[in-house]
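Here are my notes from going through this model, as numbered points. Have it open while you read.

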Amino acid sequence: MKFLKILLAIVVVLILLFFVVGAFLPKTYSVNRSTTINAPDSVIYGNIANFNEFNKWNPWIKMEPSAKTTITGEVGKPGHLFEWAGDKTGSGQMKILSATPYSNVNIELKFIKPFESLANCKFDIVKENDGYKVTWTMSGENPNTMSKWMSLMMDYMIGKDFDNGLASLKEKSEKGE
């Protein structure tokens with residue numbers, strides 16, 4: 001009986017620590033990766049702002065090529081929409097909120113399954129020496145304690161996917177595709 005009381009006390013302390021420490025964790029998160037691409041900014045921009053082209057270097061489609069995708073709306077314009085549904089990748093949508101040709105694309109990223117979440121994605125294209133530095137950023141808010149704890153692992157969870165995606169974007173763009 002004494003063992004159960006000690007175990008219960010430990011569990012209570014751990015739960016309290018989870019919430020007390022969680023209250024001081026960041027309310028937002030941001031993950032970004034960059035690469036330099038030696039291709040015209042118009043090619044790079046087209047591979048990002050056109051979801052038909054994005055789908056060819058998208059790191060998650062490579063993980064699940066059988067995922068169902070739908071692309072609608074005017075290419076490169078607010079409202080251009082990419083929706084997906086897969087067993088491994090879950091389901092969600094990306095919608096262009098704003099785009100400045102050859103400079104940046106701002107996207108609303110909505111995850112639906114396996115969990116609901118909303119994030120902002122941004123691609124910036126900046127002249128750098130003989131090429132263009134492309135930075136891919138995903139940021140969002142942590143509305144609750146659990147999401148605050150999870151955001152501590154966000155860079156680990158998606159950083160490699162961003163690296164793989166940017167490597168594919170670089171390869172595709174430098175081939176002139």
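1. Which way does α2 pass α6, in a left-handed or a right-handed crossing? The crossing is right-handed. Bear in mind throughout that this is a predicted model.

2. Now for the geometry of that pair. Helix α2 covers residues 41-49 and helix α6 covers residues 154-174. Their axes come within 9 Å and cross at roughly 130°.

3. If you want to find the contact on screen, pick out Val43, Ile44, Asn47 and Ile48 on α2. On the α6 side, the contact is made by Leu169, Lys172 and Ser173. Sorted by class, the contact of α2 with α6 has four nonpolar residues, two polar ones and one charged one.

4. Next, the largest pocket. Its volume is about 880 Å³, and 38 residues line it. Which of them are closest to the centre? Look for Phe111, Phe115, Ser117, Met138 and Ile158.

5. Where does the lining of this pocket come from? The strands that give two or more residues to it are β3 (81-86), β4 (90-100), β5 (104-113), β6 (117-128) and β7 (131-141). The helices that do so are α4 (59-63), α5 (145-151) and α6. By class, the lining divides into 23 nonpolar, 10 polar and five charged residues.

6. Two spots in the backbone are worth checking. Most residues other than glycine have a negative phi, and most peptide bonds are trans. Pro114 sits in the loop between β5 and β6, and the peptide bond leading from Lys113 to Pro114 is cis, with omega near 10°. Tyr102 sits in the loop between β4 and β5; its phi is near 65°, a positive value in a residue other than glycine.

Definitions and conventions: Residues are numbered from 1 along each chain as its sequence is written. This is a predicted model: local features need pLDDT of at least 70, side-chain atom pairs count only at pLDDT 80 or more; totals for chains, interfaces and linings use all residues. Side-chain values use heavy atoms; hydrogens and water are left out. Axes are lines fitted to C-alpha atoms, for helices over the stretch in contact, and angles run from 0 to 180 degrees between N-to-C directions. Helices (H or I, at least four residues) and strands (E, at least two) are DSSP runs, numbered from the N terminus. A crossing is left-handed if the near helix is turned anticlockwise from the far one by less than a right angle, and right-handed if clockwise. Contact means heavy atoms within 4.5 Å. Ala, Val, Leu, Ile, Met, Phe, Trp, Tyr, Cys and Pro count as nonpolar, Asp, Glu, Lys and Arg as charged, and the others, Gly among them, as polar. On a 1 Å grid over the protein atoms alone, a cavity is a set of points where a 1.4 Å probe fits but cannot get out, and a pocket is an open set with protein on both sides within 12 Å along at least five of seven lines; lining residues have an atom within 4 Å of a point. Grid points are joined across faces, edges and corners, and a volume is the space filled by probe spheres set on the points.
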